[in-house]
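Please look over the sequence and the model first.

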Amino acid sequence: MVSMVGSFLSFFRDYQQRFDLADFEREVSRDFDSQEITKVTEEAEKRAKELVTSKEELLKVIGYIDLTTLAGDDTKDRVTALLDRAVAPYAKDAAVKCGAVCVYPARVADVKAHMKKKGYKLNIASVAAGFPSGQYRLESRLLEIELAVADGATEIDIVINRAAALDDDWTTVYNEVRAMKSACGSAHLKTILATGELKSLNNVYKASWASILAGSDFIKTSTGKETVNATIEVSFVMLSAIKRWHQLTGKKVGFKPAGGIKTATEALTYVALVEKVLGKEWLNPSLFRIGASSLLDDVLKKL
Ligand SMILES: O=C[C@H](O)COP(=O)(O)O
């Protein structure tokens, strides 16, 4: 028994600490069946139409939301108002809260100061590492993460290096995410794949796998700034990678669809998909978030 645990631990440590390109290639050489994806999508859409009639499910959606503002003209007043809203989004029930607020690094200190002043408790997510393009030197991306954490971010949403991904250089993608995970310290790392720029579902799977191997706590679809953001199709592929990792290691990685999710029914389609692929145990804010700037209004309207 002890030696089984020992070999499991060494397998797991190996997977976490080195990037073996041959192992990686073996693991990611798979195709996705478009008929299966269409079937799963139809099922999720059907289930979402049922879920949207349930007040309990709608309230759960609020708890999954990373209430986001990511605009060039964000100010202290805008992010503090966002925080006020995220801690008390539903007037009829003070226990309902969003999963986090999500802001640019330069606004984290404003959020933290307001949180302290009001005595709130909520996760503060900051995008970082040259969000949304990632087209910056690694040193500056790492420093940005460290500064956001020092200012009070408890969750860091980084972007992968799409130039490396599109050059099929998955070692670089892995090494950079690993360095970013280390720069996060105790903050959780959400790794954005920017799937709308990855050109193929196989690349989405490779990006998911490299990010998971590198220690990401969550994988996230999109920045909200790509031409194509979250879709059910790429989500299915990412969830398949999370499922495979769980089968191999027993570890649970979270999932965050983001970008362009505006209605309760759309949000619940992702809920239904997660339930279908990974099971109900993933449906809590420590393993499932939805990144959205304008979803909350529609959810409140339906309550
Ligand atoms: O991570 C969150 C996204 O940037 C939000 O995108 P959205 O403004 O389309 O809802």
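## Model and confidence

This is a predicted model, in which local features need pLDDT of at least 70, side-chain atom pairs count only at pLDDT 80 or more, and totals for chains, interfaces and linings use all residues. Residues are numbered from 1 along each chain as its sequence is written, and side-chain values use heavy atoms, with hydrogens and water left out.

pLDDT is the predictor's confidence in each residue, from 0 to 100. Its mean over the chain is 94, and 94% of the residues reach 70 or more. The model scores are ipTM 0.97 and pTM 0.93. Over residues 1-12, pLDDT stays under 50, and the model has 7 contacts for them beyond four places in sequence; a contact means heavy atoms within 4.5 Å. Where pLDDT is low, the predicted coordinates should not be read in detail.

## The sheet

Helices (H or I, at least four residues) and strands (E, at least two) are DSSP runs, numbered from the N terminus. Two strands pair if DSSP finds at least two bridges between them.

An open sheet is built from 8 strands in the order β7-β6-β5-β4-β3-β2-β1-β8, with parallel pairing. β7 (254-256) and β8 (290-292) are the edge strands, each pairing on one side only. From one strand to the next, the twist averages 25 degrees, with axes being lines fitted to C-alpha atoms and angles running from 0 to 180 degrees between N-to-C directions. Within the sheet, β4 (residues 155-159) and β5 (residues 188-192) pair in the parallel sense over 5 bridges. I156 has L189 in β5 as its bridge partner.

## Two loop residues

P132 lies in the loop between β3 (123-127) and α7 (138-151). The peptide bond from F131 to P132 is cis, with omega near 0 degrees.

A194 is placed in the loop between β5 and α10 (201-213). Its phi is near 50 degrees, a positive value in a residue other than glycine.

## Two pockets

On a 1 Å grid over the protein atoms alone, a pocket is an open set of points where a 1.4 Å probe fits, with protein on both sides within 12 Å along at least five of seven lines; lining residues have an atom within 4 Å of a point. Grid points are joined across faces, edges and corners, and a volume is the space filled by probe spheres set on the points. Ala, Val, Leu, Ile, Met, Phe, Trp, Tyr, Cys and Pro count as nonpolar, Asp, Glu, Lys and Arg as charged, and the others, Gly among them, as polar.

The largest pocket has a volume of about 220 Å³. Of its 16 lining residues, T68, T223, G224, G259 and S293 lie nearest its centre. The lining divides into 4 nonpolar, 9 polar and 3 charged residues.

The second largest pocket holds about 190 Å³ of space. α3 (34-51), α11 (232-249) and α12 (264-277) each supply at least two residues of its lining, and α11 gives the most, with 5 residues. The lining of this pocket has 4 nonpolar, 2 polar and 5 charged residues.
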